[in-house]
Amino acid sequence: MYRNTPPRSTIRLTRRGRLVLIATGAVVAGTAVAVPLLSLRGAGEREPTTLVIPEGWRAGQIYDAVDKALAQPPGTAKKSLAKANLKLPNDAEGNPEGYLFPATYPLERGGRKTTPEALLSFMVDTANKKFNGAPIAAGAQRNALNVYQAVTIASIVQAEAATEADMGKVARVVFNRLERGMPLQMDSTINYALNRSTLRTTGADTKIDSPYNSYQRMGLPPTPIDNPGEAAMRAAINPTPGDWLYFVTVKPGDTRFTNSFEEHRRNVAEFDKNQRNPATVG
């Protein structure tokens, strides 16, 4: 056990430096790509022929996008999981979170509109091709992980890193804390448990009863918390060398990593000041 761990109630490990906007159907994120606003299609416009799934979307967002893209009633894609026969790892226990690979998918095959179960199956098959190949599988093994655990770490990296350049460092923080027997204390896992995206995690939030509460539970969450892209996967199996235990994005473009709790407290104080006075952040 890492004996110099400060009390959990004292400070949070991370505050993300970006905000994911879910309600509008768009994602504001460093690695996200443009998403067709299917619900805003005007009369007379052509039906979309592809669906773009951005890095970091949760399964629930993807189900909603599939329903809109295929003009299905809300909830159709999620209900289709029972008959989709998805080729998921045993550890997933039927939950495709983490394996709905972000990419561009065709909405028609052979001149006919695809079905929700076929589209979700295509996403999982794509993930399996990406994740089960030699580079990812060997990288996971090199870090004493199975592939599912590597995907779970990649999902945290995807959610927490403000930029692609920070992903390797965020992955290293995850590994360092796991190796020291420290709780991960990631706000992103709390957000997943509460089905939200916010920069403001309260003390009460960190006490919720959930297997995704990485303030109260040791180790990795039981499943991935989103669907990571290739950059996050690379970071998860090739973390940047370093001794960091804490990080905070003080302002856009300024993420600070440290192994010093006191230095992290100062960085968090600066983050809090910037949140109270956003006009001063440049």
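**Labels and their grounds**

Guide: Ala-144 has 68% relative accessibility and therefore counts as exposed, the cut-off being over 50%. The model is a predicted one.

Visitor: Where is Ala-144, and what is its phi?
Guide: Ala-144 is placed in the loop between α5 (134-142) and α6 (147-160). Its phi is positive, about 60°, although Ala-144 is not a glycine. Most residues other than glycine have a negative phi.

Visitor: Gln-185 also has a positive phi without being a glycine. Is Gln-185 buried or exposed?
Guide: Buried, because its relative accessibility is 6% and the cut-off is under 20%. The phi of Gln-185 is about 50°, and its place is in the loop between α7 (167-179) and α8 (187-193).

Visitor: Why is Val-66 called buried?
Guide: Its relative accessibility is 0%, so Val-66 counts as buried; the label requires under 20%. Val-66 belongs to helix α1.

Visitor: What is Val-66 in contact with, leaving aside neighbours within four places in sequence?
Guide: The contacts of Val-66 are Leu-51, Ala-77, Pro-116, Leu-119, Leu-120 and Met-123, each with heavy atoms within 4.5 Å. A separate value concerns Thr-76, ten residues from Val-66 along the chain: the two C-alpha atoms are separated by 8.7 Å.

Visitor: Which residues touch the most other members of the largest nonpolar core?
Guide: They are Leu-51, Val-66, Tyr-99, Leu-120, Met-123 and Phe-131, out of 59 residues in that core. Two or more residues come from each of α1 (59-69), α4 (116-131), α5, α6, α7 and α9 (230-237). The most come from α6, which gives nine. In soluble globular proteins, nonpolar side chains tend to be buried together.

Visitor: What makes strand β5 largely enclosed by the rest of the structure?
Guide: Five of the six residues of β5 (residues 246-251) are buried, and therefore the strand is described as largely enclosed.

Visitor: How do you know that β5 and β6 pair?
Guide: Pairing requires at least two bridges, and β5 has five with β6 (residues 254-258), in the antiparallel sense. The conclusion is that the two strands pair.

Visitor: How many residues lie between β5 and β6 in the hairpin?
Guide: Two residues lie between the strands, and Gly-253 in the turn has a positive phi of about 85°.

Visitor: Which residues line the second largest cavity, and how do they divide by class?
Guide: The lining consists of Thr-189, Pro-211, Tyr-212, Asn-213, Ser-214, Arg-217, Met-218, Gly-219, Leu-220 and Pro-221. By class there are five nonpolar, four polar and one charged residues. Arg counts as charged, and Gly is placed among the polar residues.

Visitor: What can be said of the chain as a whole?
Guide: The chain has ten helices and six strands. Of its 282 residues, 49% count as buried. Among contacts between residues at least 6 apart in sequence, 68% join residues at least 24 apart.

Notes
Residues are numbered from 1 along each chain as its sequence is written. This is a predicted model: local features need pLDDT of at least 70, side-chain atom pairs count only at pLDDT 80 or more; totals for chains, interfaces and linings use all residues. Side-chain values use heavy atoms; hydrogens and water are left out. On a 1 Å grid over the protein atoms alone, a cavity is a set of points where a 1.4 Å probe fits but cannot get out, and a pocket is an open set with protein on both sides within 12 Å along at least five of seven lines; lining residues have an atom within 4 Å of a point. Helices (H or I, at least four residues) and strands (E, at least two) are DSSP runs, numbered from the N terminus. Buried means under 20% relative accessible area, exposed over 50%, partly exposed in between (1.4 Å probe, protein chains only). A nonpolar core is a set of buried Ala, Val, Leu, Ile, Met, Phe, Trp, Tyr and Cys residues joined through side-chain atoms within 4.5 Å.
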